[in-house]
Amino acid sequence: SSLQSPPCAHRAPDSAAMANGLKESAILKSYVDNGDVVGICVSGGLDSKTVALRLRLAGVKVLCFTADIAQPDEDDINDVVTKMAPCGVETVIVDLKDDIAEGAFEAVA
């Protein structure tokens, strides 16, 4: 049996999140106070979900990105969006297949 990442909790950002063991971060507070949007690169795995949820629970606006480079271990790149959705964050797929191919040709030329 394989281990699977747990779904993200559906909780709104609030001080209760801090009371539940999350330390308040001055850096994250400054992002919230400034209305900044923090972009992170995600795979849809446990680490990605943990970081996205931690930011969101701190009240930070989060925008996630994942690169579509035609990776063979990803049957459907849209699965990353589905995996991140329970964390309450938007995930954007960036199609980099042509850029990766061009870079590979330049590297061997």
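Colleague: In what order do the elements of the protein run from the N terminus on?

Modeller: From the N terminus on, the order is α-α-β-α-β-α-β-α, and the secondary structure comes to 5 helices and 3 strands. Please keep in mind, as we go through these features, that this is a predicted model.

Colleague: How should I read the sheet, and in which order do its strands stand?

Modeller: The general idea is that strands of a sheet pair through backbone hydrogen bonds, either parallel or antiparallel. In this structure the 3 strands form an open sheet in the order 1-2-3, and the pairing is parallel. Strand 1 (37-41) and strand 3 (90-95) stand at the edges with a single partner strand each, so one side of each is left without a neighbour in the sheet. From one strand to the next, the twist averages 30 degrees.

Colleague: How many bridges join strand 2 to strand 3?

Modeller: Strand 2 (residues 61-68) is joined to strand 3 by 6 bridges, and the two run parallel. If you look along this pair, you will find Thr 66 standing opposite Ile 93 in strand 3.

Colleague: Is Ser 48 buried or exposed?

Modeller: The general idea is that a residue counts as buried when its relative accessible area is under 20%. Ser 48 has 10% relative accessibility and therefore counts as buried. Ser 48 has its place in helix 3 (residues 46-57), and, leaving aside residues up to four places away in sequence, Ser 48 touches Val 42, Ser 43 and Met 84. For the protein as a whole, 26% of the 109 residues count as buried.

Colleague: Which residues of the largest nonpolar core touch the most other members?

Modeller: This core has 15 residues, and those that touch the most other members are Ile 40, Leu 55, Val 60, Val 62, Cys 64, Met 84 and Val 89. Strand 1, helix 3, strand 2 and helix 4 (78-84) each supply at least two residues of the core. To follow one member, take Ile 40, whose contacts, not counting residues up to four places away in sequence, include Val 51, Leu 55, Val 62 and Phe 65.

Methods: Residues are numbered from 1 along each chain as its sequence is written. This is a predicted model: local features need pLDDT of at least 70, side-chain atom pairs count only at pLDDT 80 or more; totals for chains, interfaces and linings use all residues. Side-chain values use heavy atoms; hydrogens and water are left out. Two strands pair if DSSP finds at least two bridges between them. Helices (H or I, at least four residues) and strands (E, at least two) are DSSP runs, numbered from the N terminus. Axes are lines fitted to C-alpha atoms, for helices over the stretch in contact, and angles run from 0 to 180 degrees between N-to-C directions. Buried means under 20% relative accessible area, exposed over 50%, partly exposed in between (1.4 Å probe, protein chains only). Contact means heavy atoms within 4.5 Å. A nonpolar core is a set of buried Ala, Val, Leu, Ile, Met, Phe, Trp, Tyr and Cys residues joined through side-chain atoms within 4.5 Å.
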